[in-house]
Structures are given as structure tokens and as C-alpha cells.
Amino acid sequence: MKLFLIFGAINGFIAVALGAFGAHGLEGKVTEKQIGTWNTAVDYQMFHTMALFVTGLLLAKFQSGGLQWAGWMFLVGIIIFSGSLYLYSVTSVKTFGMITPIGGVAFLIGWVLLGIAVMRNL
């Protein structure tokens with residue numbers, strides 16, 4: 001439980017910092033499309049930061065292997081999805097954009113596992 005709350009706090013900090021960097025540090029250095037990609041990465045990182053917090057709080061209420069896997073999938077999704085979009089937006093290397101869907105699948109798996117754990121335990 002505590003681990004996912006810590007990961008949530010760290011990722012919340014990083015999302016805010018990278019959002020500010022994108023708004024101020026990238027302005028005039030990359031295209032509007034690249035800033036849009038950067039902002040998508042920030043948005044998904046923050047959405048799934050909240051999912052990490054929910055997962056951590058639910059683990060305080062009940063232990064579930066599926067719930068723990070959901071948390072790991074959210075973290076993996078943040079790293080792969082948002083991380084690849086951050087890299088793609090500043091480098092334009094298409095390989096980074098091509099691995100982004102793997103992170104998206106990790107997010108989807110996390111949400112399914114979270115839903116199943118909630119149905120079984122609440």
C-alpha cells in the first residue's frame with residue numbers, strides 16, 4: 001500500500017514539474033504539435049498518478065494480488081506511455097512514438113484489474 005502512495009506522490013511531483021517545463025521551457029523550441037504531445041504525456045501521467053493513489057488506498061482496506069498488479073501496471077504504463085511521449089516530443093524519433101501503445105495497454109490492464117478487485121472486495 002505505502003509503496004503505491006509513494007509512487008503516486010513522486011509521479012505527481014514529476015507531472016507538475018514536467019508540465020511547467022513544457023509550458024515554459026519548450027515554448028519556441030519545439031512545434032505546437034510537439035507541445036501537444038508533451039501535454040498528452042503530462043495528462044496521462046497525472047491521471048494515472050491518481051490511479052496509483054486509489055490503488056494504494058484500496059490496498060489499505062483489503063489485500064488483493066490483482067490490486068497490486070493494477071498498481072504495477074499503472075506505474076509501467078506511466079513509464080512507457082508518458083516516458084515515450086516525452087522523448088518523442090523533444091526528439092521526433094518515431095521509435096519512441098511506436099512503443100507508446102505498449103504503455104497504453106499497461107494502463108488498460110491496470111484499469112481492468114482495478115475494476116475486478118473492486119467488484120470482488122467491496
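A residue counts as buried under 20% relative accessible area, as exposed over 50%, and as partly exposed in between. Keep that scale in mind, because it places Ser-92, at 42% relative accessibility, among the partly exposed residues. The model in view is a predicted one.

Start with the whole chain. It has 122 residues, and buried residues make up 39% of them. There are four helices and zero strands. Read from the N terminus, the order of elements is α-α-α-α. Along the principal axes, the C-alpha atoms fill a box of roughly 50 × 25 × 15 Å. The accessible surface comes to about 6,800 Å². Carbon and sulfur atoms account for 73% of that surface.

Now look at how the chain meets itself. Take the contacts between residues at least 6 apart in sequence. Of these, 75% join residues at least 24 apart.

Next, go inside. The largest nonpolar core has 24 residues. Leu-52, Leu-67, Phe-74 and Leu-114 are the ones with the most contacts within that core. Which helices supply the core? Helix 1 (2-25), helix 2 (32-61), helix 3 (65-91) and helix 4 (94-121) each give at least two residues. Setting aside neighbours within four places in sequence, Leu-114 touches Thr-55, Leu-58, Leu-67, Ala-70 and Phe-74. Two of these partners, Leu-67 and Phe-74, are also named among the core residues with the most contacts.

Move on to Thr-37, in helix 2. Is Thr-37 buried or exposed? Its relative accessible area is 16%, so Thr-37 is buried. Beyond its neighbours within four places in sequence, Thr-37 is in contact with Leu-85, Tyr-88 and Ser-89.

From there, turn to the loop between helix 3 and helix 4, where Ser-92 lies. Leaving out neighbours within four places in sequence, Ser-92 is in contact with Gln-34 and Leu-87. Gln-34 is 58 residues away along the chain, yet the C-alpha atoms of Ser-92 and Gln-34 are separated by 8.2 Å. The backbone at Ser-92 also deserves a look. Most residues other than glycine have a negative phi. Phi of Ser-92 is near 60°, a positive value in a residue other than glycine.

Ile-14 has 33% relative accessibility, so Ile-14 counts as partly exposed. Together with Ile-6, Ile-10 and Phe-13, Ile-14 forms a nonpolar patch on the surface. The accessible area of the four residues together is about 380 Å².

In an unreviewed entry, UniProt places the feature "transmembrane region" at residues 46-62, 69-89 and 95-119. What does the model show for residues 69-89? That span is 100% helix and 0% strand, and its end C-alpha atoms lie 29 Å apart. Residues 95-119 are likewise 100% helix and 0% strand. The end C-alpha atoms of residues 95-119 lie 38 Å apart.

Conventions:
Residues numbered from 1 in each chain as written. Predicted model: local features only at pLDDT ≥ 70, side-chain atom pairs only at ≥ 80, totals over all residues. Heavy atoms only, no water. Core = buried A, V, L, I, M, F, W, Y, C linked by side-chain atoms within 4.5 Å. Buried < 20%, exposed > 50% of the residue type's maximum accessible area, 1.4 Å probe, protein only. Contact = heavy atoms within 4.5 Å. Patch = residues over 30% accessible without salt bridge, like charges linked within 9 Å, V, L, I, M, F, W, Y side chains within 5 Å. Areas by Shrake-Rupley, 256 points an atom, 1.4 Å probe, with all protein chains shown as cover. Salt bridge = Lys/Arg side-chain N within 4 Å of Asp/Glu carboxyl O. UniProt positions renumbered as here; feature names shortened; annotations may be inferred.
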